[in-house]
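This report describes a protein structure for a reader who is meeting such a description for the first time. Please keep the sequence and the structure in view while reading.

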Amino acid sequence: KDWEQLLDDLLYAKICNMNFLRLTQRPVQQEVYDYCDKLGLMTQTDLPLFGVLRRNQFCEAVRQAEEMEKLVRSHPCNIIVSYINEPFPNADNKPHRHLTRDELMNFFKASDYVIKMNNPDRVIKHVDGDYDPPSETLPDNHCYNVWYNGNGVDIGKLSKGYWLNVKPGWNYGCGEFGAEGLDPVSVMRKYYPKNWLPQTNEEEKNWTPNDIIGAQSGKFHYCFYETPKTLEEWVKATNEYQAWAIRYVTEAYRRDARMVTFAIHLFIDAFPSGWMKTIMDVERNPKQAYFAYREALTPIMTSLRTDRYKYFEEDDIKFEAWICNDTNNLYPNTKLKYYFEMEGAILGSGEEDTVILDCSSSFQGYIKFKAPYVKERKNITVRLALVNENGDLLHDTSLDVEVFPRVSIDTKKSVYIVGEDEELAVELANELGLNKVKQVQNADIILIDNYALYKNNEEEIRKSIENGACAVFMELPEGWSYLRVIMKYVGAV
């Protein structure tokens, strides 16, 4: 009965620009719905069913679906119910024990009938996170492509507006997405068992989050950022990445007009180290991702999108400009203003009229310019702002890219290709305009795209390296690393 904490927690959600909470995989106490009614915060209530439904529990599940509806039907905040989280294909390979998908669909229909008898107006989403599609209601897929590498849809395609295969013309949802960000050091030191954390400087040198039960950063971070060296660095790196990932995915969802519902997993940690993907810890300290999510949920929002973040001077730089509108206001007489700068100096600017759709997203056009001449790597910031007819700022955003000086190629360099039929190596040498030679001892550069052929000529190549040649391995066999090869020849290098 800590009503003050409940009130605060729901207000934290509203401050974060959330308009809806998925009450994940269970109904909650009546008072939670009462407070959401009063605060104007929508909810989705899930039946506590995960993966499979046991055959002998069919009738009990239907009975509980009815009880769930009786609990929430008097609450205007509860806009939707769902039956099962992440159903597994082929009844989790135990069709003798669990319902197959066809049978599960019969459970959905039976529950629909019972719920509609109690509340004819109820909106129902059969499945949240469907790993055994399709469904007869709103398609929903969980997508952790910024954490479980390869999950759902490729992150680059997501940014372009792609989604998983769904029924043609249908809208869809993403009931879960997220990435891990470790708790603050103070929270970990206060609550965690000592054997989860380094206690000395010596222990800290080899510490990883693998020592924290349930944490995944130690195993998964290799795909996303360099390995930190200290506890504080781990916290900093995981939180910075989590914030970037949440902003990137959320803005992609906002730009997709058919993505009509999504929910970050999770919001507030229920207890210390309950789930590292939360964006607020158990003591209600917001992580960086909380503010990134808040910004990406701004009701009227500008968004910049690009396929490239690295350019060479004189390259054509192109950004997409978007307006994402969660309101039914068309914002007439507004303009988009933009400029791009390098080290505080404005390189160019402009403004355009807007075309804003209500409760949808709209592409406004491209911001194009040439990458400037630079002597060394430089950062360029592109800024975009939506202003009303009085010049008042409604929302602004920015995105950074890097520009590199063009590298001059010494075409006088000679190159020896290990294997005459290695097309990739030949193509690279041709593109660089290098002089191909037939004898390895005459080469400044040795291109190796076939490890087996390299092994056949290993001694000869080693002698060339000792005489000043540079060998480049374009690919290595599975289980090898470039570091291992370099260490093998460190004496010669």
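## Terms and overall form

A residue is called buried when its relative accessible area is under 20%, exposed when that area is over 50%, and partly exposed in between. The model discussed here is a predicted one.

The protein has 493 residues, and 48% of them count as buried. Its secondary structure consists of 15 helices and 18 strands. Taken along the principal axes, the C-alpha atoms fill a box of roughly 85 × 65 × 50 Å. The accessible surface comes to about 25800 Å², and carbon and sulfur atoms account for 51% of it. Among contacts with a separation of 6 or more, 68% are between residues 24 or more positions apart.

## The nonpolar cores

The largest nonpolar core contains 75 residues. Those that touch the most other members are Met 18, Phe 107, Trp 163, Phe 177, Tyr 253, Ile 279 and Tyr 293. Helix H10 (residues 231-255) supplies the largest share of this core, with 10 residues. Another core, of 24 residues, lies apart from it and includes Leu 304, Phe 369, Ala 371 and Leu 399.

Neighbours within four places in sequence aside, Ile 279 is in contact with residues including Cys 16, Met 18, Gln 242, Ile 264, Lys 287 and Tyr 293.

How many salt bridges does a search of the whole structure find? The search finds 34. One of them joins Asp 140 and Lys 125, whose closest N and O atoms are 2.9 Å apart. Asp 140 lies in the loop between strand S4 (124-128) and helix H6 (155-160), while Lys 125 lies in strand S4, so the pair ties together parts that are 15 residues apart in sequence. Is Asp 140 buried or exposed? Its relative accessibility is 2%, and Asp 140 therefore counts as buried. Lys 125 also counts as buried, because its relative accessibility is 1%. Both residues belong to a network of salt bridges that links Arg 22, Asp 46, Lys 125, Asp 128, Asp 140 and Glu 176.

A second example is the salt bridge between Lys 287 and Asp 183, with the closest N and O atoms 3.8 Å apart. Lys 287 is in the loop between strand S6 (259-264) and helix H11 (288-296), and Asp 183 is in the loop between strand S5 (172-177) and helix H7 (185-191); the pair therefore ties together parts that are 104 residues apart in sequence. Lys 287 counts as buried at 3% relative accessibility, and Asp 183 is buried with a relative accessible area of 1%.

## A salt bridge between partly exposed residues

Glu 351 forms a salt bridge with Lys 337, and their closest N and O atoms are 3.8 Å apart. The pair links distant parts of the chain, with Glu 351 in strand S11 (residues 345-353) and Lys 337 in strand S10 (residues 335-342), 14 residues apart. Glu 351 is partly exposed, with a relative accessible area of 39%, and Lys 337 counts as partly exposed at 38%.

## Two buried polar side chains

Asn 78 is placed in strand S3 (residues 78-85). With a relative accessible area of 3%, Asn 78 is buried. Its side chain is joined to that of Thr 43 by a polar contact of 2.9 Å. Beyond its neighbours within four places in sequence, Asn 78 is in contact with Tyr 33, Thr 43, Gln 44, Thr 45, Val 72 and Arg 122.

Arg 305 is found in strand S7 (residues 300-305) and is buried, with a relative accessible area of 6%. Which side chains make polar contacts with the side chain of Arg 305? Among them are Ser 159, at 3.2 Å, and Asp 307, at 2.9 Å. By contrast, the C-alpha atoms of Arg 305 and Gly 40 are separated by 32 Å, and these two residues are 265 residues apart along the chain.

## A nonpolar patch on the surface

Phe 312, Val 407, Ile 409, Leu 428 and Leu 432 form a nonpolar patch on the surface, and together they have about 400 Å² of accessible area. Ile 409 is located in the loop between strand S14 (393-404) and strand S15 (414-418). Its relative accessibility is 42%, so Ile 409 counts as partly exposed.

Key:
Residues are numbered from 1 along each chain as its sequence is written. This is a predicted model: local features need pLDDT of at least 70, side-chain atom pairs count only at pLDDT 80 or more; totals for chains, interfaces and linings use all residues. Side-chain values use heavy atoms; hydrogens and water are left out. Patches are made of residues with over 30% relative accessible area and no salt bridge: like charges are joined within 9 Å, nonpolar side chains (Val, Leu, Ile, Met, Phe, Trp, Tyr) within 5 Å. Accessible areas come from the Shrake-Rupley method with a 1.4 Å probe; for residues, only the protein chains shown count as cover. A salt bridge is a side-chain nitrogen of Lys or Arg within 4 Å of a carboxyl oxygen of Asp or Glu. Helices (H or I, at least four residues) and strands (E, at least two) are DSSP runs, numbered from the N terminus. Buried means under 20% relative accessible area, exposed over 50%, partly exposed in between (1.4 Å probe, protein chains only). A polar contact is a pair of N or O atoms within 3.5 Å; within protein, one must be able to donate a hydrogen and the other to accept it, and residues adjacent in sequence count only if both atoms are side-chain atoms. Contact means heavy atoms within 4.5 Å. A nonpolar core is a set of buried Ala, Val, Leu, Ile, Met, Phe, Trp, Tyr and Cys residues joined through side-chain atoms within 4.5 Å.
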